[in-house]
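Visitor: I would like to go through this model and ask what the labels rest on. Please set the values against the criteria.

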Amino acid sequence: MPIVVVVAVPLLAAAVSGLAGWRPWVGWVGVAAAGGVTAGGVWIAVRVLDGGPVSGLEGLLRADALSAFWLVVIGVVAVLATWFGVGYIAAELADGHTTASGARVYSSLVQLFLAAMVLAVIANNLGVMWVAVEATTIATAFLVGHRRTKASLEASWKYVVVGSVGVGLAFLGTVLVYFASSHAAGGGHATLNWTGLVAAAPRLDRHVMRLAAGLLVLGFGTKVGLAPMHTWLPDAHSQAPAPVSALMSGVLLSVAFYALLRYKVIVDAALGRGFMKGLLVAVGLLSLGVAASLLIAQRDYKRLLAYSSIEHMGLLAVGAAAGSPLAIAAVLLHVAGHGLGKTVLFLGSGEILRTEGTTQIAGVRGLLARRPVIGATFGLGLLALLGLPPFSLFASEVGIARAGFAGGLGWAVTVALVLALVVFAAVVVHGQQMLLGEASATGERHPTSMATAAPLVAGLVLCTALGVTVWPIDRLLHAAAAVAAGAR
Amino acid sequence: MSRAVVGFLQVVVLVAGAPILAGLVRKVRARLEGRAGPPIAQPWRDLRKLLGKERIVPEHTSWVFAVAPLVVMCSVGLVAAIVPFASTRTPFGSAGDLFAVVYLLLLGTVFLALGGLDPGTAFGGMGASREMTLAALAEPTVLLAVFALSVPAGSSNLSAIVAATLAHPARVATLQSVLALAAFAVVTLAECGRLPVDNPSTHLELTMIHEAMVLEYAGPDLALVELASAMRLAVFAGLLANLFFPWGIATTTSPLEVVLGMAALAGKVACLGVALAVFEVFVAKLRLFRVPELLAASFVLAFLAVTASFFLT
Amino acid sequence: MTETAYAQLLDLGAGLVLVCAFVVVWRRGLVAIVRALAVQGFALAAVAVVLGVHQHALEPVVVAALVVAVKGVAVPRVLLRVVRSGGEARESDPLINIPTSLVGAAVLTLVAYATTRGVVAVSPSPATRAIPIGLAVVLIGFFVLASRRKAITQVVGFLLIDNGIALVAFLATAGLPLVVELGAALDLLLAVLVLQVLAARMRTKFGGLDLDQLQELRD
């Protein structure tokens, strides 16, 4: 079966959603599409591990271990988000926050979003990858502004403008890389195929590659949410509906990071490891600093989650800077763990918003006492995000730290750990404000339905499972890390 | 024919022809606006009338007021002599330099402004301050625009630039030439006090720049000032014509070629005059605080022309 | 086409793109700015056509047609619709006054030349020598994005950046693969359409497109 099927499934679901309008079964079609993506990812992973990278669409697409890993992560997070989305949209329709046409637009755009992300990770042609990343911006633009309030309009405007400018810079970097490949020393053959570029990398002109690397880090870094191009992130992720925030924070950021990893292999082969290392450490530490400083006085719990994403992306950047296969393996594990944990948190925040009616931290009190299921999942999610065992982020953060020390980035890792500690403190303070406390007598008891809680619990279970043992994805993880670390 | 004679001939023709150019512009404009308009030789009649009038000098003015019309006339006359109009063999060969020409023109501007300040009237001061604001922005643009042309020619001598353009005609269509032409055209409008920068026929003090400075002059002084400003327009138009479209200019000093060169210049300047008249019919005067924006834009165009001449060849 | 004619036409086309960028900085009226963008789109297409004729290749000419359709016609039309439907003053509000902005843009042009010296040196040719012009347009686009108050001028800045990148793409590579060009053009069109819808919604909610009013989300 050709690998293009993995892109076609969500596209088909988008068409179905658009044509049929919102019905309950349409929502489950979306979940099925996400499940299809996961299954496709697993199947591709099996093929890749046995027989090497798989190509499709006459060389435009190519799935290797790295792509397969990301496909699985995207698929799992999408399943959780769309699963929750079924109940979420039904509740929104019932409360009158959205209309039937709004729900139809929502479900088709989510599927298009999914399709674009899948295309980005299985593209061999880096230009196609760029097109897919820009397509995610367009698909999510209206999703962010779904609620049509002043704040969400402002957020989506900022998101589209800053995101498109960033992606435009990434395009310029792509063009420069193409230019370098056509003038490579010793006979240039202009190509945007990742495999061809990696092969020709040592012969690419250094000046051009340096300019290109800077532009690419700035450009794709905007979509990853790395400082100083992060300004759109807190607004967009906090204003979007909960499942969309989960998808954006959980996987879209990491898909953009995937693009950076792909280019890192080329740049490292062309310029040596030092250049990209320096760039990534700089933006990574800056992101950690921004997140830490703005988390302390945070008053909105959705924005708190958004800044936490910035922090984790900074950690990913520092880990990728270390560059060794072990470091990349830790980074990949972190991508998976963060995806799961952040999804659980954003979905939980959606439920909290629905029942408490406010996104202010001060407006939510005694969650554990009044609404134990939601409170517990939210609290466990926060613990997961803070890197506490038994969740997988503990193992991945330790791995990044160790690899950083081993890779000569000791001082950077120390600074990162200190900033992470600040974040820890801030999140704990805000979290316990929300969770602990007595149930007031007049507080309504909204029992959380099984359907709403199920995706949250599933996410937490997966995160724990990953933290306890990496066994199911061990081979895939190491194969993917080998690809990203430059070992053929 | 010696170079000095060529230079003298250029001055005579320009002095005679400049009021005709001004009359032509007025006539074409009138016709386009549906009026009959004054005859083309009317400016000469006005000059004759002014020369016959009594010379009035305000009290409390110094020698600057008396000397200014002479300086303005002499500076623009000198420019007419040393710039390649009829032939590239101009008197004081190497003195026909870009910087010398710009300096002479600026000298005229400054003295006219000083002459406007000298009587101590409000209009004069206002006109002088406005004129100097514009000159501060326009003069660097002239320099840069012609400098952009001098880079490929390798010399800032105007005759050398014209000769180089004759030798390589394709240079006229390069990016730096087009940009320099645009900048120079805008600056011509500013320096000669034409729309959209200044209205030469206005009588409203709110809109006066040049007219305000010369308000106190009467009789022969005014005749000199009017003639000098008409010559300024002719000089700028001639520079524009010969720097950017030099075909027809003589390259030797033989009488026949010089006469033909003069005729070619007259033809080109007449065309430019008609184009200016048509342009003035369709454009409105800019508000004064918008003029620096226009001049800054032309400065940037000239700057881009210089950048292009360095980097794109 | 002779070598000198090719170089001259290329320079004139690229120069027109840069001059249009300066016109965007210079003019105050929104309609004039959008028209300048349309002219810039046509100039871009002209550059692509010149490149295609010089290389005797068809692809750049197809791309030129695409550029005319999207950047020369469709996008300016969408923007004009937004401008004309607005009741507010049709002036872009600059934070920095115009003569200073023009000088700043000229300085950015110099910066672009300085930064891309290494790129030009890789393979000096009439096409690559004009690459700094593309980067200059990108930098001017950033400048316009950052220094104007009206939402429409933010979109204009974004489009300038995109046009500059497209110019660099044409000159540096003599055309990216058609698939990428198609995707990029489609992305641009969709982005502008999205921004148009957002602008319309913003106008209803905020009563105007003044970006200074977008102050709700803050830390």
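Guide: We can start with chain A of this predicted model. The domain assignment divides chain A into domain 1 (1-124), domain 2 (125-271) and domain 3 (282-488).

Visitor: How do you know where the domain bounds of chain A lie?

Guide: The bounds come from an automatic or database domain assignment, and for chain A that assignment lists 1-124, 125-271 and 282-488. The C-alpha centres of domain 1 of chain A and domain 3 of chain A are 24 Å apart. Their contact takes 17 residues from domain 1 of chain A and 22 residues from domain 3 of chain A.

Visitor: Which elements give two or more residues to the side of domain 1 of chain A that touches domain 3 of chain A?

Guide: They are helix H2 (24-51) and helix H3 (65-95) of chain A. H3(A) gives the most, with 14 residues. By class, this side of domain 1 of chain A has 15 nonpolar residues, one polar and one charged.

Visitor: Why are H2(A) and H3(A) called roughly antiparallel?

Guide: Their axes come within 8 Å and cross at roughly 165°. Angles over 145 degrees count as roughly antiparallel, so H2(A) is roughly antiparallel to H3(A). The crossing of H2(A) and H3(A) is left-handed. Their contact holds 20 nonpolar residues, nine polar and no charged.

Visitor: What makes H8(A) and H11(A) roughly parallel?

Guide: Helix H8 (residues 206-224) of chain A packs against helix H11 (residues 273-296) of chain A at an angle of about 30°, with the axes 11 Å apart. The cut-off for roughly parallel is under 35 degrees, and H8(A) and H11(A) are therefore roughly parallel to each other. The crossing of H8(A) and H11(A) is right-handed.

Visitor: Which residues meet in the contact of H8(A) with H11(A)?

Guide: From H8(A) there are A:Arg210, A:Ala213, A:Gly214, A:Val217 and A:Gly221, and from H11(A) A:Phe275, A:Met276, A:Leu279 and A:Val283. The contact divides into six nonpolar, two polar and one charged residues. Gly counts as polar, and A:Gly214 and A:Gly221 are in this contact.

Visitor: Now the chains. Which pair of chains has the most contacts?

Guide: Two pairs of chains touch, and the most contacts are between chains A and C. There, 38 residues of chain A are in contact with 36 residues of chain C. On the side of chain A that touches chain C, helix H5 (126-144), helix H6 (150-182) and H8 of chain A each supply at least two residues. H6(A) has the largest share of that side, 19 residues. The side of chain A that touches chain C has 24 nonpolar, eight polar and six charged residues.

Visitor: How do you know that chain A and chain B do not touch?

Guide: A contact needs C-beta atoms, placed from the backbone, within 7 Å. Chain A and chain B do not touch, and their nearest C-alpha atoms are 19 Å apart. Chain B does meet chain C, in a contact of 17 residues from chain B and 19 residues from chain C. Helix H1 (3-26) and helix H4 (98-115) of chain C each supply at least two residues of the side of chain C that touches chain B. That side of chain C comprises 13 nonpolar, four polar and two charged residues.

Visitor: Why is C:Leu198 called buried?

Guide: The cut-off for buried is 20 or more other C-beta atoms within 10 Å, and C:Leu198 counts as buried because 23 C-beta neighbours lie inside 10 Å. C:Leu198 is found in helix H9 (residues 178-206) of chain C. Leaving aside neighbours within four places in sequence, C:Leu198 is in contact with A:Gly145, A:Leu153, A:Ser156, A:Trp157 and A:Val160.

Visitor: How many helices and strands does chain C have?

Guide: Chain C has nine helices and zero strands. Buried residues make up 55% of its 219 residues.

Conventions
Residues numbered from 1 in each chain as written. Chains lettered and ligands numbered in written order. Predicted model: local features only at pLDDT ≥ 70, side-chain atom pairs only at ≥ 80, totals over all residues. Helix = DSSP H or I, 4+ residues; strand = E, 2+ residues; numbered from the N terminus. Axes fitted to C-alpha atoms, helices over the stretch in contact; angles between N-to-C directions. Parallel < 35°, antiparallel > 145°, perpendicular 65-115°, else oblique. Left-handed = near helix turned anticlockwise from the far one by under 90°. Buried ≥ 20, exposed ≤ 12 C-beta atoms within 10 Å, placed from the backbone.
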